[in-house]
Amino acid sequence: MSEERELSMPVQPVSAAKAVADRLIAAIAVGDYSAGERLPAERDLADMLAVSRVTVRAALADLREAGYVEIRRGRTGGSFVRQDWGERTAGAVRDLLGKDWDQLEELFDLRRLIESLIARTAAERHTLEDDAAILGALRRYEEATDGASARSADVELHRSIAAAAHNPSLADLSRQLLAQVSLGITHEPFTPALRDMALPQHRALVEAITKSDPDKAAAIAGEHFRITEHALRHAVDRAGE
């Protein structure tokens, strides 16, 4: 093996780990994870971001070194977010979101169209079993006491609505679009302010679907899915200041 080949070998893993670290930095900035919250386990992050656990482990070490996370040991341990905005945040947000903002705008528009269609179809096709799942998820969202449980309930609610449309391809497309607009993260951003916006819309959306009002359900969904766009736009604007 040549000396040139030996010197070049470490470059790829380091670059991959930095790319994952920067993606997590941007995800924290937009509210996908909050200060004090535990990040998903290495295996879950690797699956979510389609990288190896070795890459995730190196990325988390980078985040720890940069002061974004702290590692806690023990049964309740893991990687916990320390701060939502640090020295590398503006650059990561500009690179990952700001540079391709026009493309993101197209995805936001497509997502609103698809989610409106899902809501309309759910209002037309829902069953009593669907209603029970949707109402249960809404109740768990209302009762959530922290960001992690609220995000989990939010995912459950929107997947229940997609399931009520009884078209698996639509549900798959919904999940794909979420991943595309949210840096590969499989849930929506959350902050107390975003929750205040989302909760009344969740209630109105659920009411429209369970009371079989397709037009109203579609209109509410089209507005509701602007919330993630607002979170990303706020981060991009802050990064440009």
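These are my entries, going from the whole chain down to single residues.

**Ground rules.** I am looking at a predicted model, where local features need pLDDT of at least 70 and side-chain atom pairs count only at pLDDT 80 or more, while totals for chains, interfaces and linings use all residues. Residues are numbered from 1 along each chain as its sequence is written, and side-chain values use heavy atoms, with hydrogens and water left out.

**Helices and strands.** I looked up the elements and found 12 helices and two strands in the protein chain. Here helices (H or I, at least four residues) and strands (E, at least two) are DSSP runs, numbered from the N terminus. Along the sequence I read the pattern as α-α-α-α-β-β-α-α-α-α-α-α-α-α.

**Overall shape.** How does the radius of gyration of the protein chain agree with that of a compact globule? With 241 residues, such a globule would come out near 18 Å, and the chain has 19 Å, so the two agree. The radius is taken over C-alpha atoms, and the globule rule is 2.2 Å times the number of residues to the power 0.38. I also noted that the C-alpha trace spans about 70 × 40 × 40 Å along its principal axes.

Buried residues make up 47% of the 241 in the protein chain. Buried means under 20% relative accessible area, exposed means over 50%, and partly exposed is in between (1.4 Å probe, protein chains only). Next I checked contacts, meaning heavy atoms within 4.5 Å. Of the contacts with a separation of 6 or more, 74% are between residues 24 or more positions apart.

**The cores.** A nonpolar core is a set of buried Ala, Val, Leu, Ile, Met, Phe, Trp, Tyr and Cys residues joined through side-chain atoms within 4.5 Å. The largest one has 59 residues, and Tyr33, Leu63, Val93, Leu97, Ile161, Leu205 and Ile209 touch the most other members. Apart from it I found another core, of 10 residues, including Tyr141 and Leu194.

Most residues other than glycine have a negative phi. Leu183 sits in the loop between α9 and α10 (192–210). Is Leu183 buried or exposed? It counts as buried because its relative accessibility is 14%. His166 also has a positive phi, about 55°, although it is not a glycine. I found His166 in the loop between α8 (147–164) and α9 (168–181). At 43% relative accessibility, His166 counts as partly exposed.

**Asp131.** Asp131 is in helix α7 (residues 128–143). This aspartate is buried, with a relative accessible area of 10%. What does Asp131 touch, not counting residues up to four places away in sequence? I found His126 and Thr210. Asp131 and Ser160 are 29 residues apart in sequence, and 8.6 Å apart from C-alpha to C-alpha.

**Met48.** My last stop was Met48, in helix α3 (residues 42–49). Not counting residues up to four places away in sequence, Met48 touches Tyr33, Pro40, Gly184, Ile185 and Thr186. Tyr33 was on my core list too.
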